[in-house]
Amino acid sequence: MPIYAYRCTECSFEKDHLQKISDPVLATCPSCGQDGYEKQVTAAGFQLKGSGWYATDFKNGQPPAKTESPTCQACPGANACAAS
Ligand SMILES: [Zn+2]
């Protein structure tokens, strides 16, 4: 059963909830009672398989950059630029 991290946009209350996939998404904050409770994408129970390279390099739906990636047009230090 996955754990979902929730955060309230109204009072910043944060809590992890153990929920079934079929359980409805929570919307009401248990702290302030307002409807600002939102499930966070970066849930604590969401674990990536493997090295998790696509968590950072694959987020835009593109494969990870290859070593022969084009040189940055803005600066000569392409590697340093890409790391930023
Ligand atoms: Zn709240």
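M1 is exposed in this predicted model, with a relative accessible area of 62%. The residue lies in the segment that precedes strand 1 (3–8), and together with I3 and L18 it makes a nonpolar surface patch of about 320 Å².

**Overall make-up**

The protein chain contains two helices and three strands, and when it is read along the sequence these elements follow the pattern β-β-β-α-α. Of its 84 residues, 13% count as buried. The accessible surface of the chain comes to about 6,700 Å², and carbon and sulfur atoms account for 53% of that surface.

The three strands form an open sheet in the order 2-1-3, and their pairing is antiparallel. Strand 2 (14–18) and strand 3 (37–39) each have a single partner strand and therefore stand at the edges, so that one side of each is left without a neighbour in the sheet. From one strand to the next, the twist averages 30°. Strand 1 and strand 3 run antiparallel and are joined by three bridges; in this pairing, C8 stands opposite Y37 in strand 3.

**The salt bridge**

How many salt bridges does the structure hold? The structure has one, and it is formed between E14 and R7, whose closest N and O atoms are 3.1 Å apart. As for the exposure of the two partners, E14 counts as exposed because its relative accessibility is 53%, which is over the 50% cut-off. R7, by contrast, has a relative accessible area of 30% and is partly exposed, because this value falls between the cut-offs of 20% and 50%.

The table sets out the residues for which a relative accessible area has been discussed here.

| Residue | Relative accessible area | Class |
|---|---|---|
| M1 | 62% | exposed |
| E14 | 53% | exposed |
| R7 | 30% | partly exposed |

Taken together, the model shows an open sheet of three strands with antiparallel pairing, a salt bridge that links E14 with R7, and a nonpolar surface patch to which M1, I3 and L18 contribute.

How values were computed. Residues numbered from 1 in each chain as written. Predicted model: local features only at pLDDT ≥ 70, side-chain atom pairs only at ≥ 80, totals over all residues. Heavy atoms only, no water. Patch = residues over 30% accessible without salt bridge, like charges linked within 9 Å, V, L, I, M, F, W, Y side chains within 5 Å. Areas by Shrake-Rupley, 256 points an atom, 1.4 Å probe, with all protein chains shown as cover. Salt bridge = Lys/Arg side-chain N within 4 Å of Asp/Glu carboxyl O. Helix = DSSP H or I, 4+ residues; strand = E, 2+ residues; numbered from the N terminus. Buried < 20%, exposed > 50% of the residue type's maximum accessible area, 1.4 Å probe, protein only. Pairing = 2+ DSSP bridges. Axes fitted to C-alpha atoms, helices over the stretch in contact; angles between N-to-C directions.
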